[in-house]
2 protein chains.
Amino acid sequence: MSSLLIRRANVLQIASDSSSPSATILRDHEIVIHDNRIECVQPTGLDDSHFDHVIDANGMVAMPGLINTHAHVPMVIFRGLAEDVNIDRWFNDFMWPLESNLQPDDVYWGMLLGLAEMIQGGVTTVADHYFFMDRAAQAVEKAGTRALLGWGVFGSQGYDAIAQTENFVREYQGAANGRIHTIMAPHAPYTCDDDFLRACVAAAKRQQVGIHIHVAETMQQTDSSIASRGITPVEVAEKVGIFEVPAIFAHVCDALASDMTLMSKHKVGIAHAPKTYLKLAMGGAPVVEFRQAGIPVGLATDGAVSNNTLDIWESLRLLPMIQKMRTGVAENMPIPEALYIATRGSAKVLGMEHELGALEAGYLADMILVDTSGLHHQPLHSIPASLVYNTRASDVRTVICDGQIVMQDGVLRTLDPAAIIAQVRANMDRLNQRVPSRRIQEYNP
Amino acid sequence: MSSLLIRRANVLQIASDSSSPSATILRDHEIVIHDNRIECVQPTGLDDSHFDHVIDANGMVAMPGLINTHAHVPMVIFRGLAEDVNIDRWFNDFMWPLESNLQPDDVYWGMLLGLAEMIQGGVTTVADHYFFMDRAAQAVEKAGTRALLGWGVFGSQGYDAIAQTENFVREYQGAANGRIHTIMAPHAPYTCDDDFLRACVAAAKRQQVGIHIHVAETMQQTDSSIASRGITPVEVAEKVGIFEVPAIFAHVCDALASDMTLMSKHKVGIAHAPKTYLKLAMGGAPVVEFRQAGIPVGLATDGAVSNNTLDIWESLRLLPMIQKMRTGVAENMPIPEALYIATRGSAKVLGMEHELGALEAGYLADMILVDTSGLHHQPLHSIPASLVYNTRASDVRTVICDGQIVMQDGVLRTLDPAAIIAQVRANMDRLNQRVPSRRIQEYNP
């Protein structure tokens, strides 16, 4: 059983009450880690000679490892290839034609590349929704991080695809020493009919897991769902039984008041990826209203073809800014609330609020050290303000996941960036071939 | 006369036609600099033994030094002290009470701190609008960067203040070997009456300089101007003669159609600082419409008490994202147009479009090298996309201003960050004293 002591940190503490968030800093504290759990957080003072590893965090902020609640990590291999287009063309002329090039090895190397980028930026857990997820799981195992993996399926693939992804869920549940959890991942109500979604729910129940699905990505999707099915995408989720299992809804960029009520009554969390919404002009997403309705919200990056990076700090910064803009109220989404969403809120969306999202005794030892000594933070009148509005991914210096150091002082310990980049670059010419008529799906919600 | 050769760079070229922007990359090119001017840009191949300095930029992007068209740089000393409040309280309860603590030395050290942050982020020129600008000028001289400095005045200070700032304009015009230009800087129509503004214009004409002023920061300012003066802030500018000199209008977060027409007919540029507008819920600013009307737009950070950083990359990224969102059109403000605004557009707002904002023979040698080798750029399918949507200030490696290297490989050559931070920190306890009733002005537009 290994032991790790982090000394002299400024430890961010977010109160657990979602309805009145507060952010405080415990100055000059130490964090004691045994095996993969936090044993205690207390003023610096322990004799450090009894620990296997000691990290001096003098002047750094210690905070929970960041959680990316919705991504398509391996998509990094395509980034920069679909710019300045609307969501229809983004799917039909770019993303889905590009993905017709996808091979299992691309997922492995893309996942490694994205995980390396996320570790550098302090992300220790990702809820990923993509294809060939057995290969993605191998990458997570190697990276040493935590993941909730879902193998995406479309209705057009037929019921065999559900059986295949159910096998994945069963086989990889608890893999990588418990760092990997699994989930069923039907793509969206507009690409899966009711019976197909019901079959996914049945599989989720058999495997005692949840459902991770795209819901109401735009208001137009809600309108067309009403036109074709007579009900909203959120109501489709209810009708097919998704609310009978824990669920992650990606996006929900707009929702009717009745949808809000429905979501507030069930165990569903919303993954919020604001950069994608801005770039694709999908709408601002009513996060202030979700929160008022008591619906858990977490931060996400979505895939890098819409979001360009897997930088959760960008999501953290955009979240309050866009909510202030769209409501016209500068007091909305104050700094402690944004930090709550980035930590405990995101953990709750993954159903792991008792294990992740806080630096407290008994929690899993997922933690990052953020350097606030840079000129762009100085003078440091307010650490919470600097975390939301000044911090860059490059300020993250050290990353610990499951009690293991995966990055120390900016150096990745589990992955070799140069080797990963070389592998991905070698396939660039194949990956950027785009035949619009050759697409894996048609976007016509 | 010193000579400098930058070899093996990927050189960003932005076409000069504002109405149809295009961004291209000249791969493996060299830039020849003699004294403070660019002599030529051509494929790498010169014998490098005849140059005083040679920089190998292999794999880096060379682009024009960034221009911050509106800031209050020394305000960095107060950053993080006014969060989650509306613009009324931001001025009355925070900013203007805090500034009652301001001493000339604070401006000097705050300016040095902000200039150091900006150099690290690739900003080589700033149009700064603040107080005690003789001290700010000394900081610019030391930093080795370029600035257009205006000493802010309020009507309540009386006409002596205009005379004092006119003296500053005369004395510092062309200072620091021509790197410093000056401008008259009345604060805003709502803090200066018509006669006071006319006197500022008269001083500007005498000194053959322009006017840098806050205009229509919110739609409410336009409404209240109509209520009190019968005309909009833009019309006030016309009435008092501001359009008879070159002008920088900071913000213009909303404008009537008639204001658009008026601005399009005169030599006025708009400084756009989107992060501030989001944080203070001031509105999205109709940049798409400004551009359609042919009004020059440049990027800005405003001061760090609203913007938190002086990071122009944040402004560059928010600009297209917010325009896509507010218009609901994802095709609006495409990548080449955002890059045009960041380079030639910003230069034009400062009236320096023939000297700054492009890497071309005859232009001033203000240039930065951006490292795109980081994981968050890879694989690099599109350099222009990566510059807008992936680049962080920390990717800037080398900064050249007026032909001199002010940062090389991440190391500042003209400033000592540790010494500057120590000076600023020493005064933190005094600076964060905030007595709401002790304010330098009253915000009541």
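In this predicted model, helix 2 of chain A and helix 3 of chain A make a right-handed crossing. Their axes come within 8 Å and cross at roughly 35°, helix 3 of chain A being residues 133-143. On the side of helix 2 of chain A, the contact is made by A:P104, A:V107, A:Y108, A:M111, A:L112, A:L115 and A:I119. Helix 3 of chain A contributes A:R135, A:A136, A:Q138, A:A139, A:V140, A:K142 and A:A143. Sorted by class, this contact has 11 nonpolar, 1 polar and 2 charged residues.

Chain B has a crossing to set beside this one. Helix 2 (residues 104-120) and helix 3 (residues 133-143) of chain B have axes that come within 8 Å and cross at roughly 35°. The crossing of these two helices of chain B is right-handed. Among the residues that make the contact are B:V107 and B:L115 of helix 2 of chain B, and B:A139 and B:V140 of helix 3 of chain B. By class, the contact in chain B has 11 nonpolar, 1 polar and 2 charged residues.

The two chains also meet each other. In chain A, 49 residues are in contact with 50 residues of chain B. Several helices of chain A each supply at least two residues of the side that touches chain B: helix 2 (104-120), helix 9 (274-279), helix 12 (312-327), helix 14 (383-389) and helix 15 (417-426). That side of chain A has 24 nonpolar, 15 polar and 10 charged residues.

How are the two copies related? In general, two copies of a chain are related by a rotation about an axis and a shift along it. The same surface serves both copies, and 100% of the contact residues of chain A recur in chain B.

Within chain B, strand 5 (residues 60-64) is mostly covered, with 5 of its 5 residues buried. Strand 5 of chain B runs parallel to strand 1 (residues 3-14) of chain B, and 2 bridges join them. To strand 14 (residues 367-371) of chain B, strand 5 of chain B is joined by 5 bridges, and these two strands run antiparallel.

B:R8 is partly exposed because 17 other C-beta atoms lie within 10 Å. In the segment before strand 1 of chain B lies B:S2, which counts as exposed because it has 12 C-beta neighbours inside 10 Å. B:S2 and B:D35 are 33 residues apart along the chain, yet 5.0 Å separates their C-alpha atoms. Leaving aside residues up to four places away in sequence, B:S2 touches B:D35, B:D52 and B:G403.

Some backbone details remain. The peptide bond from A:Q378 to A:P379 is cis, with omega near -5°, and A:P379 is in the loop between strand 14 (367-371) and helix 14 of chain A. In chain B, a cis peptide bond joins B:Q378 and B:P379, with omega about -10°. B:P379 lies in the loop between strand 14 and helix 14 (383-389) of chain B. In chain A, the loop between helix 4 (159-172) and strand 9 (180-186) contains A:N177, whose phi is near 55°, a positive value in a residue other than glycine.

Terms used. Residues are numbered from 1 along each chain as its sequence is written. Chains are lettered from A and ligands numbered from 1 in the order in which they are written. This is a predicted model: local features need pLDDT of at least 70, side-chain atom pairs count only at pLDDT 80 or more; totals for chains, interfaces and linings use all residues. A residue is buried if 20 or more other C-beta atoms lie within 10 Å of its own, exposed if 12 or fewer, and partly exposed in between; C-beta atoms are placed from the backbone. Helices (H or I, at least four residues) and strands (E, at least two) are DSSP runs, numbered from the N terminus. Two strands pair if DSSP finds at least two bridges between them. Two residues are in contact if their C-beta atoms, placed from the backbone, lie within 7 Å. Ala, Val, Leu, Ile, Met, Phe, Trp, Tyr, Cys and Pro count as nonpolar, Asp, Glu, Lys and Arg as charged, and the others, Gly among them, as polar. Axes are lines fitted to C-alpha atoms, for helices over the stretch in contact, and angles run from 0 to 180 degrees between N-to-C directions. A crossing is left-handed if the near helix is turned anticlockwise from the far one by less than a right angle, and right-handed if clockwise.
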